[in-house]
Amino acid sequence: MKKTVLIIDDSLPIRYLLEVMLNRTYNVVSACDGLAAMAWLKNGNIPDLVITDLQMPNINGWELIEFMTESNLYQHIPLMVLSGVHDTKESFAHIRPGNIKTIIKKPFDPVILLDTIDHVLKAQHVPAFS
């Protein structure tokens with residue numbers, strides 16, 4: 001069964017590129033901002049990984065990360081930040097890092113991004129007891 005990756009970015013070309021890149025291996029869902037992502041989550045959907053931009057309209061990536069970090073339902077979901085914000089260390093100084101596994105800056109290398117996603121999802125794998 002394919003793992004589900006939720007992509008949140010206000011850029012349609014970025015969402016399309018990521019969907020094309022990831023669709024072969026993962027079930028990909030995308031949202032145009034944090035508000036749309038929160039609505040999808042509140043409908044009972046639980047992704048295996050969230051990849052979010054930081055600068056978006058309505059609810060931005062920082063607010064979404066804070067929401068997920070404080071929620072008992074979503075705080076276990078690994079997060080990846082994919083952003084054009086270059087001073088991310090200072091940008092994250094005001095929030096708890098939560099379950100952020102990595103920060104990748106735009107523009108990104110697709111091979112490195114795919115390897116990072118694969119690594120994060122494999123690290124989340126919990127072997128079944130026999």
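Two residues are in contact here when heavy atoms lie within 4.5 Å. In this predicted model, Asp 9 touches Ile 14, Arg 15, Ala 31, Cys 32, Asp 53, Met 56, Leu 82 and Lys 106, leaving aside residues up to four places away in sequence.

Asp 9 lies in the loop between strand S1 (4–8) and H1. Its relative accessibility is 2%, and residues under 20% count as buried, so Asp 9 is buried. One of its contacts is Asp 53. Along the sequence Asp 9 and Asp 53 are 44 residues apart, but their C-alpha atoms are 5.2 Å apart in space.

Asp 53 sits in the loop between strand S3 (49–52) and helix H3 (61–70). With a relative accessible area of 5%, Asp 53 is buried too. An unreviewed UniProt entry places the feature "modified residue: 4-aspartylphosphate" at Asp 53. Not counting residues up to four places away in sequence, Asp 53 touches Ile 8, Asp 9, Asp 10, Gly 61, Leu 82, Ser 83, Gly 84 and Lys 106. Leu 82 and Lys 106 are among the residues that touch Asp 53, and both are also among those that touch Asp 9.

**Two further buried residues**

Thr 116 is found in helix H5 (residues 110–124). Beyond residues up to four places away in sequence, Thr 116 touches Met 80, Thr 102 and Ile 104. Trp 62 belongs to helix H3. Ten residues along the chain from Trp 62 is Thr 52, and the C-alpha atoms of the two are separated by 9.2 Å. The table gives the accessibility of the four residues described so far.

| Residue | Relative accessibility | Class |
|---|---|---|
| Asp 9 | 2% | buried |
| Asp 53 | 5% | buried |
| Trp 62 | 15% | buried |
| Thr 116 | 18% | buried |

**The chain as a whole**

The chain has five helices and five strands. From the N terminus on, these elements run β-α-β-α-β-α-β-α-β-α. Of the 130 residues of the chain, 47% count as buried. Among contacts in the chain with a separation of 6 or more, 60% are between residues 24 or more positions apart.

**Helix packing**

Two packed helices are described by the angle between their axes and the distance between the axes.

The axes of helix H2 (residues 34–42) and H3 come within 9 Å and cross at roughly 25 degrees. Angles under 35 degrees count as roughly parallel, and H2 and H3 are therefore roughly parallel to each other. The crossing in which H2 passes H3 is right-handed. On the H2 side the contact is made by Gly 34, Ala 37, Met 38, Leu 41 and Lys 42, and on the H3 side by Leu 64, Phe 67 and Met 68. By class, these residues are six nonpolar, one polar and one charged.

Helix H1 (residues 12–22) packs with H5 at an angle of about 60 degrees, and their axes are 11 Å apart. The crossing of H1 and H5 is right-handed. H1 contributes Leu 18, Met 21 and Leu 22 to the contact, while H5 contributes Pro 110, Leu 113, Leu 114 and Ile 117. The contact of H1 with H5 has seven nonpolar residues, with no polar and no charged ones.

Methods
Residues are numbered from 1 along each chain as its sequence is written. This is a predicted model: local features need pLDDT of at least 70, side-chain atom pairs count only at pLDDT 80 or more; totals for chains, interfaces and linings use all residues. Side-chain values use heavy atoms; hydrogens and water are left out. UniProt positions are given in the numbering used here, feature names are shortened, and annotations may be inferred rather than shown by experiment. Helices (H or I, at least four residues) and strands (E, at least two) are DSSP runs, numbered from the N terminus. Buried means under 20% relative accessible area, exposed over 50%, partly exposed in between (1.4 Å probe, protein chains only). Axes are lines fitted to C-alpha atoms, for helices over the stretch in contact, and angles run from 0 to 180 degrees between N-to-C directions. Angles under 35 degrees count as roughly parallel, over 145 as roughly antiparallel, 65 to 115 as roughly perpendicular and the rest as oblique. A crossing is left-handed if the near helix is turned anticlockwise from the far one by less than a right angle, and right-handed if clockwise. Ala, Val, Leu, Ile, Met, Phe, Trp, Tyr, Cys and Pro count as nonpolar, Asp, Glu, Lys and Arg as charged, and the others, Gly among them, as polar.
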